[in-house]
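Hello,

Here is the structure I promised to pass on to you. Have a look at it first, and then read my notes below.

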Amino acid sequence: MTFKAEYIWIDGTEPTAKLRSKTRVLADGAEIPIWGFDGSSTNQAGGHSSDRVLKPVFTCPDPIRGGDNVLVLCEVLMPDMTPHSSNTRALLSEVAERYAEQDSWFGIEQEYTFFKEGRPLGFPLGGFPAPQGGYYCGVGADEVFGRDIVELHLDRCLAAGLKISGINAEVMPGQWEFQVGPAGPVEVADHMWVARWLLYRTAEEFDVAATLDAKPVKGDWNGAGAHTNFSTRAMREGYEPIITACEALGEGDKPLEHVKNYGHGIEDRLTGHHETAPWDKYSYGVSDRGASVRIPWQVEVDKKGYIEDRRPNANVDPYVVTRLIVDTCCSALEKAGQV
Ligand code: ADP
Ligand code: MN
Ligand code: MN
Ligand code: MN
């Protein structure tokens, strides 16, 4: 007897990487082996030395095929088993390991937009729907577009054992959000990539494309972000470390370093309008959805908890945003003796 393993990896497409996957049939009880692929077809190799290695790093039940079938998230390696330049997970693992003692948690809010026939789901042919206002967390056929897909995606994420923690309809028609976390940096990012794959794969069954484009409709329509909520053990126990983390994110070159790596097209989304702070001006504040980093109201009341970095784009690489935040905040907390 056999089972199917769907090997999933992140490719080298510029400026935003895409997901790829292929199926391997394995004998019952078999280990999930290392595998390979043609890197010249994924922008990860030239044509003359094109073999790239798939190293399984996270396996979960396949909620689509069911049974004993599995999804297998992989890192991409060179034939000599060193990480490929597109392999941002390897970089994160190093940094996460260095600061493991601080017990970082992340919750990432993934916004996305459904497209059908070249326009967002719910947009009429050749025109625009009613302006934003009623769609966020809406109900009813005049407000909500694509709920069947969203519900099926949620069920599949749960069946796969992913740490998905909620869903909601967003501000623009056809725009939605799911949240993954809280979980450690590598785990939250692995689960996010698999949840994204399940989103594309599920929408495909409805002839709908899901996109993480940060500004899918120009003009007076909200962009799509990936608010990244973060805490360390010390932040979950006291307020001073919360302020240290907010300050660290604003120090020197840090704001620019972060924003540059928070996803393609970030200047188009972080305009200072539509619940964003301008990309070139760092700020933090309590309850402030117009700040780069928000301290939730409840966190100020409790004097402990977490912070929300509102800058990352929907198309951010979760391995990159978690690495940068851990690096910047955990090193500052260590220096301040707040660990
Ligand atoms: P918003 O009010 O900004 O829409 P959401 O409810 O969509 O917030 O998402 C909040 C996220 O923060 C969730 O993914 C949740 O798991 C995560 N979260 C909650 N507590 C913590 C914490 N202590 N550290 C990190 N993330 C957390
Ligand atoms: Mn949210
Ligand atoms: Mn949102
Ligand atoms: Mn948020």
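**Notes on the side chains**

R201 is partly exposed, with a relative accessible area of 24%; buried here means under 20% relative accessible area, exposed over 50%, and partly exposed in between (1.4 Å probe, protein chains only). Please keep in mind that this is a predicted model, in which local features need pLDDT of at least 70, side-chain atom pairs count only at pLDDT 80 or more, and totals for chains, interfaces and linings use all residues. Residues are numbered from 1 along each chain as its sequence is written, chains are lettered from A and ligands numbered from 1 in the order in which they are written, and side-chain values use heavy atoms, with hydrogens and water left out.

**Salt bridges**

The partner of R201 is E205, and the closest N and O atoms of this salt bridge are 2.8 Å apart. E205 is partly exposed too, at 41% relative accessible area. The term stands for a side-chain nitrogen of Lys or Arg within 4 Å of a carboxyl oxygen of Asp or Glu, and the count by this rule is 12 salt bridges.

Another of them joins E187 to K163, at 3.0 Å from N to O. Because E187 belongs to helix α3 (residues 185-204) and K163 to the loop between α2 (147-159) and β8, this pair ties together parts that are 24 residues apart in sequence. Helices (H or I, at least four residues) and strands (E, at least two) are DSSP runs, numbered from the N terminus. E187 is partly exposed at 32% relative accessibility, and K163 is partly exposed at 36%.

R311 and D309 also meet in a salt bridge, 2.9 Å from N to O, and here both R311 and D309 are buried. You will also find a salt-bridge network that links E75, R89 and D190.

**The manganese site**

Which residues hold the manganese ion (ligand 3) as protein donors? They are E111, E170 and E177, each through OE, at 2.1 to 2.2 Å from the ion. Donors are N, O and S atoms within 2.8 Å of the metal (3.2 Å for Na, K and Ca), and water is not among the atoms, so sites may look incomplete. The spacing of these donor residues in sequence is E-x58-E-x6-E. E111 sits in strand β6 (residues 105-116) and E170 in the loop between β8 (164-169) and β9 (175-183), so that distant parts of the chain, 59 residues apart, are linked. Both E111 and E170 are buried. E177 bridges this ion and the manganese ion (ligand 2), and the two ions lie 3.9 Å apart.

**Aromatic rings**

The whole structure has 9 aromatic pairs. Rings of Phe, Tyr and Trp (its six-membered ring) pair if their centres lie within 6.5 Å; planes under 30 degrees apart count as stacked, over 60 as edge-to-face and the rest as tilted. W9 and F37 make a tilted pair, because their centres are 4.4 Å apart and their planes stand at 40°. W9 is in strand β1 (residues 2-10) and F37 in strand β3 (residues 35-38), so the pair ties together parts 28 residues apart in sequence. W9 is buried at 5% relative accessibility, and F37 is buried at 6%.

W193 and Y319 are likewise tilted, at 6.4 Å centre to centre and 35° between the planes. Ring pairs also gather Y112, F114 and F178 into a cluster.

Best wishes
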